[in-house]
Amino acid sequence: MDEHMRNIKIYTDGSFKKNKAGISFLIINPDRNKILGYTNLKCKKNIQAELQAIIHALQYLLYIDMSLEDKKIEIVTDEISIVEVFSSQKYKIWDYCQWKKENGRVVIKCTKEWFILSCLVKIIGDMVICFSKTSKDDSQNKVVHGFANYARKLQFCKKNIIHIMEADNGNGK
């Protein structure tokens, strides 16, 4: 990686129980404040919550118009299937077959979320984004995990409402 590049690290987590999910993301950019976002939503599967956490983080990144020039984005998640699909670029095969198998069925459950995330990856640039698996001991992962669980237990928020908090990242900027 180029020594002049500054990485943006995004930790994400989804918490799911009985059709109710909480999601959380933490955006760490060395040039800006840390941004923590969380909300709750209805889901049918845990993977749906995990995907939604990443989708919301990337949408927020685009919304605030954070400059991504000379940046690499690392998405850190505890969901290994997401890391595998995007590291292997399997989503490009799904695109090619229009997200359907030969029998007409979808290639994967939660196709809508996988498709939205793949579109965001393509918009931002698949050479800019990489996915990695977190460890349970990672303190940033513990933060997003805690907020995802907290958000799941809240009364349902209005659709598309994300609670955002910012904190100084300690670099004096």
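User: In this predicted model, what makes a set of residues the largest nonpolar core, and which members touch the most others?

Analyst: A nonpolar core is a set of buried residues of kinds such as Leu, Ile, Phe and Trp, joined through side-chain atoms within 4.5 Å. The largest such set here has 31 residues, and Ile10, Leu58, Ile82, Phe86, Trp114, Leu117 and Phe131 touch the most other members.

User: Which elements supply at least two residues of this core?

Analyst: Among them are strand 1 (6–17), strand 2 (20–28), helix 2 (80–87) and helix 4 (111–124). Helix 1 gives the most, with 8 residues.

User: What does Phe131 touch, not counting residues up to four places away in sequence?

Analyst: Contact means heavy atoms within 4.5 Å. On that basis, Phe131 touches Ile54, Ile75, Ile82, Val83, Phe86, Ser87 and Val121.

User: How many helices and strands does the chain have, and in what order do they run?

Analyst: There are 5 helices and 6 strands. From the N terminus on, the order is β-β-β-α-β-α-α-α-β-α-β.

User: Why is the chain called as compact as a globular protein of that length?

Analyst: The globule rule gives 16 Å for 173 residues, and the radius of gyration of the chain is 16 Å; the two values are close, so the description applies.

User: What share of the residues is buried?

Analyst: Buried means under 20% relative accessible area. Residues of this kind make up 45% of the 173 in the chain.

User: What share of the contacts with a separation of 6 or more comes from residues 24 or more positions apart?

Analyst: Such residues account for 72% of those contacts.

Methods
Residues are numbered from 1 along each chain as its sequence is written. This is a predicted model: local features need pLDDT of at least 70, side-chain atom pairs count only at pLDDT 80 or more; totals for chains, interfaces and linings use all residues. Side-chain values use heavy atoms; hydrogens and water are left out. Helices (H or I, at least four residues) and strands (E, at least two) are DSSP runs, numbered from the N terminus. The radius of gyration is taken over C-alpha atoms; the globule rule is 2.2 Å times the number of residues to the power 0.38. Buried means under 20% relative accessible area, exposed over 50%, partly exposed in between (1.4 Å probe, protein chains only).
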